[in-house]
Amino acid sequence: METPLSDIIEKTKRTEANVLRKAGYSKKAVRLLKQQLNFGALEKPDITAKHQSDCGDMLILYLKLDKQTIKDTKYEYVGCRGLEAAASALTEMIKGKTLQE
């Protein structure tokens, strides 16, 4: 009897979480990676910012504004899982803030 694909996927996610924890990622970072909050491109953003670090990781941040307030934000990236966790946390932190904040 073959193992259902859903079981294989769930086992892979648990294994990845264990590897990330052993590598030093916090529980919060692992949770952010699992949820993939705000990942993807934002249609018709008001601001697009791109940053490439010395290590080669690249982050693209999309902002949708209502006057000077960040109404929505999303990100795309090429790089490590640490960048993904940080970008996910960043997008959650800046929603509802003004550009000055």
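Predicted model: local features only at pLDDT ≥ 70, side-chain atom pairs only at ≥ 80, totals over all residues.

**Exercise 1. Describe the fold and the overall form of the protein.**

Step 1: Start with the secondary structure, which comes to three helices and three strands.
Step 2: Turn to the dimensions: the C-alpha trace spans about 60 × 30 × 20 Å along its principal axes.
Step 3: Compare with a compact globule of 101 residues, which would have a radius of gyration near 13 Å; the protein has 16 Å.
Step 4: Finish with burial: 26% of the 101 residues count as buried.

**Exercise 2. Which helices supply residues of the positive patch on the surface?**

Step 1: List the members of the patch, which are Lys-11, Arg-14, Arg-21, Lys-27 and Lys-34.
Step 2: Assign them to helices: H1 (5-22) and H2 (27-35) each supply at least two residues.
Step 3: Look for the largest share, which is three residues and comes from H1.
Step 4: Check one member, Lys-34, which lies in helix H2. Exposed means over 50% relative accessible area, and Lys-34 has 63%, so this residue is exposed.

**Exercise 3. Examine the salt bridge between Glu-84 and Arg-81.**

Step 1: Recall the general idea: side chains of opposite charge can pair when their charged atoms come close.
Step 2: Read the N to O distance for Glu-84 and Arg-81, which is 2.6 Å.
Step 3: Glu-84 and Arg-81 are three residues apart in helix H3, so about one helical turn separates them.
Step 4: Are the two partners buried or exposed? Glu-84 is buried, with a relative accessible area of 1%, while Arg-81 is partly exposed at 24%.

**Exercise 4. Which residues are linked in a network of salt bridges?**

Step 1: Begin with the total: the structure holds three salt bridges.
Step 2: Take Lys-95 and Asp-72, whose closest N and O atoms are 4.0 Å apart. This pair links distant parts of the chain, with Lys-95 in the segment after helix H3 (81-94) and Asp-72 in strand E3 (residues 69-78), 23 residues apart.
Step 3: Join the pairs, and Asp-72, Glu-92 and Lys-95 make up the network.
Step 4: Check accessibility: Lys-95 is partly exposed at 31%, Asp-72 is partly exposed at 25%, and Glu-92 is partly exposed at 40%.

Key:
Residues numbered from 1 in each chain as written. Heavy atoms only, no water. Patch = residues over 30% accessible without salt bridge, like charges linked within 9 Å, V, L, I, M, F, W, Y side chains within 5 Å. Areas by Shrake-Rupley, 256 points an atom, 1.4 Å probe, with all protein chains shown as cover. Salt bridge = Lys/Arg side-chain N within 4 Å of Asp/Glu carboxyl O. Lys, Arg positive; Asp, Glu negative; His and termini not counted. Charge placed at Lys NZ, Arg CZ, Asp CG, Glu CD. Helix = DSSP H or I, 4+ residues; strand = E, 2+ residues; numbered from the N terminus. Buried < 20%, exposed > 50% of the residue type's maximum accessible area, 1.4 Å probe, protein only. Rg over C-alpha atoms; globule rule 2.2 N^0.38 Å.
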